[in-house]
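Subject: Structure for you to look over

Hello,

I am handing over the structure below, followed by notes on what was found in it. Please read the notes with the structure open.

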Amino acid sequence: MDKYFVHPSSYVDENVSVGKGTKIWHFSHILKNVEIGENCTIGQNVVIGPNVKIGSNCKIQNNVSLYDGLYIEDNVFLGPSCVFTNVINPRSTVIRKDEFKETIIKHGASIGANATIVCGNNLEEFCMVGAGAVVTKSIKNNSLVIGNPAKHHKWISDNGCILDEKLTCPETKQKYELENGVLVKR
C-alpha cells in the first residue's frame, strides 16, 4: 500500500520524495528533485519544482506553481492561484537560470488567494499575506500584510487572530510584545 496518494491524472517524476499521508490531487505535476513532507495537501493543477523543498502539514491550494529557489517550511498555507517568481528581471531571450533568487516561507505562514511573492523576499513565521497582495520586501513574523505593495496592517497571533491593543490574542489569550520591531510571545 502506498504511503501517499497521487491522483491518476497527475505526474510525479523520478527522484521525488513524498511523505506519508500526503495527497496530490488532479492535473498536478511534481518535477525532479522535489521533497514534500508528510500530511501535505497538493491541490488541483499545481506544478512543483524542480528542486523545491516543502515541509510537513502544508496546504497548497489549486493553480499554484512553485519554482526552483523556493523553500517552504512546515505548516504553511498557500492560497488558490498565489504566484511566486524566481528571477527579478525575466526576459524570454535571456537565460537567467544561474540568477534564481531564493525565497523562504517560514513555519506557519499563510498566503492568501492571488497574492504575488516577488523572489528574494522571505516570509517569517506565522505571518499572513492578504488576498491579492504583492510582496516586494520580506515580511516579519506574525505580521498581517495587505495591498500593492504589501504593507504591515496588523499584528496577528500564531493561530491567525488579529491581536487587540494590548497585543493579546482574543481566542487563546496568548500575550505578545514588541521587541525591537519584532513580535515575541510573553
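The side chain of N121 reaches the backbone nitrogen of S138 at 3.4 Å, a polar contact (a pair of N or O atoms within 3.5 Å; within protein, one must be able to donate a hydrogen and the other to accept it, and residues adjacent in sequence count only if both atoms are side-chain atoms). The backbone oxygen of V118 is also reached by the N121 side chain, at 2.9 Å.

Before the rest, the ground rules. This is a predicted model, in which local features need pLDDT of at least 70 and side-chain atom pairs count only at pLDDT 80 or more, while totals for chains, interfaces and linings use all residues. Residues are numbered from 1 along each chain as its sequence is written, and side-chain values use heavy atoms, with hydrogens and water left out.

To finish with N121: the residue lies in the loop between β17 (116-117) and β18 (128-129). Its relative accessibility is 10%, so N121 counts as buried (under 20% relative accessible area; exposed is over 50% and partly exposed is in between, with a 1.4 Å probe and protein chains only). Leaving aside neighbours within four places in sequence, N121 is in contact (heavy atoms within 4.5 Å) with E102, T103, V135, T136, K137 and S138.

The chain as a whole has zero helices and 23 strands; helices (H or I, at least four residues) and strands (E, at least two) are DSSP runs, numbered from the N terminus. The radius of gyration, taken over C-alpha atoms, is 17 Å, close to the 16 Å of the globule rule (2.2 Å times the number of residues to the power 0.38) for 186 residues, so the chain is as compact as a globular protein of that length. Along the principal axes, the C-alpha atoms fill a box of roughly 50 × 45 × 25 Å. Buried residues make up 39% of the 186 residues. Of the contacts with a separation of 6 or more, 15% are between residues 24 or more positions apart.

Now the sheets, where two strands pair if DSSP finds at least two bridges between them. Nine strands form an open sheet with mixed pairing, in the order β1-β4-β7-β10-β13-β16-β18-β20-β21. Its edge strands are β1 and β21 (151-155), each pairing on one side only. Within this sheet, β4 and β7 (residues 41-42) pair in the parallel sense over two bridges, and I24 has I42 in β7 as its bridge partner.

A further open sheet has five strands in the order β3-β6-β9-β12-β15, with parallel pairing. Strands β3 (17-18) and β15 (103-105) stand at the edges with a single partner strand each, so one side of each lacks a neighbour in the sheet. Here β9 (residues 53-54) and β12 (residues 70-72) pair over two bridges, in the parallel sense, with I54 opposite I72.

Strands β22 (residues 176-179) and β23 (residues 182-185) pair in the antiparallel sense over four bridges, and E179 stands opposite V182. Two residues lie between the strands of this hairpin, where N180 takes a positive phi near 55°.

Lastly, the search of the whole structure finds one aromatic pair (rings of Phe, Tyr and Trp, its six-membered ring, with centres within 6.5 Å; planes under 30 degrees apart count as stacked, over 60 as edge-to-face and the rest as tilted). F5 and W25 form this tilted pair, at 4.9 Å centre to centre and 50° between the planes. The pair links distant parts of the chain, 20 residues apart: F5 is in β1 (residues 5-6), and W25 is in the loop between β4 (23-24) and β5 (29-30). F5 is partly exposed at 31% relative accessible area, and W25 is partly exposed at 30%.

Regards
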